[in-house]
Amino acid sequence: MNPEFFASQLFQTLLAVLLAPVMLGWVNQCRAWLQNKTGPGVLQPYRVILKLFRKDAVLAHNASWLFRFAPYAVFGCMVLAVSIVPILATDLPFSPAADVIALVGLFALARVFMALAAMDVGTAFGSLGARREMFVASLAEPALLMVFFTPALISQSTALTTIVETLAHRELTIYPSLAFAAVAFVMLLLAENARIPVDNPATHLELTMIHEAMILEYSARHLALLEWAHALKLMTYASIGIALFLPWGIASAGQWAMMPLSILALLLKLLLGSAALAVLEAVSAKMRIFRVPEFLGMAFLLAVLGMLTRLLLGSAG
Amino acid sequence: MTLSFTQQLINLMACLLLLIAFAMVSQRRILRLIYLFALQGLVLAINTAVVALATQQPHLYFSAALTLGLKVIVLPWLLHRLIDRLNIRWDIETLLNIPTIMLVGIVVVIIAFNLALPISQLAGTITRSSLGIAMASVLLSFLMMITRRKAVPQVIGFLAMENGLFFAATSATYGMPMVVELGIALDVLVGTFIFGIFFFQIRETFDSLDIHHLEKLKEKT
C-alpha cells in the first residue's frame, strides 16, 4: 500500500463530507427559486450546523447512552458509506473491503440506530417516526439491492470500483436494463432521503413527518451531527447514482493528472443532478403514507424488470 | 459482443414499451391512461421506423406512418372526445390493489420471457430479442383488461393489446403484409367507433359505465 492510495481516499472522503451540506443547500435553494422565493443561500446548512455546534445540549431525563451515542454512530456510518463510493477516482483502499451489499448494510445500521434512539426517550413522536421510517425502509431496502444487482450483473462484480471501471471505460452502449434501474434508483433516493413524495424535509407538521419526527428530541451538537449525516446520506446516494449511471469522468486508478477534470465533472454532475432533484420535488405532491408502499412497489418492480431485461436481452441488455 | 446502434435503439424502444405497459396497468386516471396509450403508439411508430431503416424494408415505413397517424393522433383524440362527452374526464377507479397487480405483472413478464425464448432462438431477425417483451406487453394488456371494471379502461387495454401484437409481428417477422395491416388498422378504428356507441348505450341503460351491471342482463332460468 503506497501513501498515494491513502491520500486519494482521504481526499475523496473529506471532499464528500465537506461538500454534502453545500449540496443540500443548493437543492433547497433551487426549490426556493422554483417556488418564487429568494432562498436562504447555499451555505445555509453550514450556518445551521455551526450554530447548533455552539449551543449546549439538552437531554431528556430518561435518555440512555443509546440516545447520546446514536448521532455519532449514524454520522460514522454515513462517512464510511461515502468513502466506499468512488467519487473522483476508482483507487480506493476501502473499496475491496466493502461492496454494494455492505453499503446497503451500512445504511441499515445507521437506520437501526436512528430508530432505536428515536424510541429511546419514549415520546409519541419519536416512536411514530421510527415506525414510519422502518415501514418505508423495509420496502425500500430490497428494491435498493435489486437496483444494485443490475449493474453488478453487467460488470460481473458487486464492488463499486469494478462496476465503475467496467461502465466508464468502454464504448458507449445503451443498456435498457440500466435505464430501468436508474428510474428505480431515483424513486428510492426520494424515499430514503425523506424527500417530497414520501416525506417533506421542510415540515414539522405532525401528521406527515417521518425523518423530522425521529430527530425531534435532539438538540445542539447531536442535532448538528444528525443534520450533517442527513446531508451526507443525500450526497452518498447522489454519488452512487453518478457512479452507476453517469460514470464518465471518474478517473481510474493511478491517474492523478485526471483529478482536476474529474473534480470539475463531479461538481457539474452534482449541480445539475441536484437541480433536477429540486424540479422533481417541486412538481410532485406529498403522498399519503399508505400510498408509499405503492410508490416503493413500483420502484421494486422497475428494478426487477431491469434485471429481467438484462437476462432476456443478454449482452445487449 | 457489441451490437450495432440501431439494434440498441430497438432494444431500448422495446423496454420503453414494457415500461409503458406497466404504467398503464397501474394508472388509475382515465385521462392519463389515454396519454400513455398515445405514448405507446409513438414509441411503437419510432421502433417500426428504426426497424425499417435497419432492414431496408420499405413497407415498414408505411406501417410506421400508419401507426403514427392512427394510434398517436386519431385514436387518442377519439377517446379524448368520448370521455369528454361521457363526462368521465376525471374518473378514477378506486377498486384496485396496485402492488398485488404489479407482482402478478412481474410473474406474467417472467412467463412471457420464458415462452419467447425458444421462438426467438429460431427467428433470424435482428429484432428477435424483443419478442419476449412484445409477448409480455400483450399479456400485461390482458391483465389490465381483467383487473378493470369500467368500460373505457377496458377498451384502452384492448387497444394496447393490439399495439403489443403489432410489436410482436414486427419483431418476429418484420411486420405483417400490408393488406393485413391495413385491415387491422381499419378494424381498430371501426371498433373504437362501435365501442363509443356502446358506451352511450351502456350508460343509458345502467346509468354507469361499470360493466358489472351487464351481469343483470342474464336471463333467469
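A residue counts as buried under 20% relative accessible area, as exposed over 50%, and as partly exposed in between (1.4 Å probe, protein chains only). By this definition A:Phe113, at 18% relative accessibility, is buried.

This is a predicted model, in which local features need pLDDT of at least 70 and side-chain atom pairs count only at pLDDT 80 or more, while totals for chains, interfaces and linings use all residues. Residues are numbered from 1 along each chain as its sequence is written, chains are lettered from A in the order in which they are written, and side-chain values use heavy atoms, with hydrogens and water left out.

**Aromatic pairs**

Rings of Phe, Tyr and Trp (its six-membered ring) pair if their centres lie within 6.5 Å; planes under 30 degrees apart count as stacked, over 60 as edge-to-face and the rest as tilted. Over all chains, the search finds 10 aromatic pairs. Two of them are tabulated here.

| Pair | Centre distance | Plane angle | Class |
|---|---|---|---|
| A:Phe67 and A:Tyr218 | 4.2 Å | 0 degrees | stacked |
| A:Phe69 and A:Phe113 | 5.6 Å | 75 degrees | edge-to-face |

Helices (H or I, at least four residues) and strands (E, at least two) are DSSP runs, numbered from the N terminus. A:Phe67 belongs to helix α3 (residues 65–84) of chain A and A:Tyr218 to the loop between α8 (211–214) and α9 (220–245), so this pair ties together parts 151 residues apart in sequence. A:Phe67 is buried at 2% relative accessibility, and A:Tyr218 is buried at 7%.

A:Phe69 is in helix α3 of chain A and A:Phe113 in helix α4 (residues 100–120), so their pairing ties together parts 44 residues apart in sequence. A:Phe69 is partly exposed, at 37% relative accessibility.

**The interface of chains A and B**

With contact meaning heavy atoms within 4.5 Å, 19 residues of chain A touch 25 residues of chain B. The buried area, which is the accessible area (1.4 Å probe) that two parts lose on being put together, summed over both, is about 2,000 Å², with 81% of it on carbon and sulfur atoms. On the chain A side, A:Ile174, A:Leu301 and A:Leu312 lose the most area to chain B, together 28% of what that side buries.

A salt bridge is a side-chain nitrogen of Lys or Arg within 4 Å of a carboxyl oxygen of Asp or Glu. One is found across this interface: B:Arg28 bridges to A:Glu294, with the closest N and O atoms 3.0 Å apart. The elements giving two or more residues to the chain A side are α7 (176–192) and α11 (292–313); α11(A) supplies the largest share, 10 residues.
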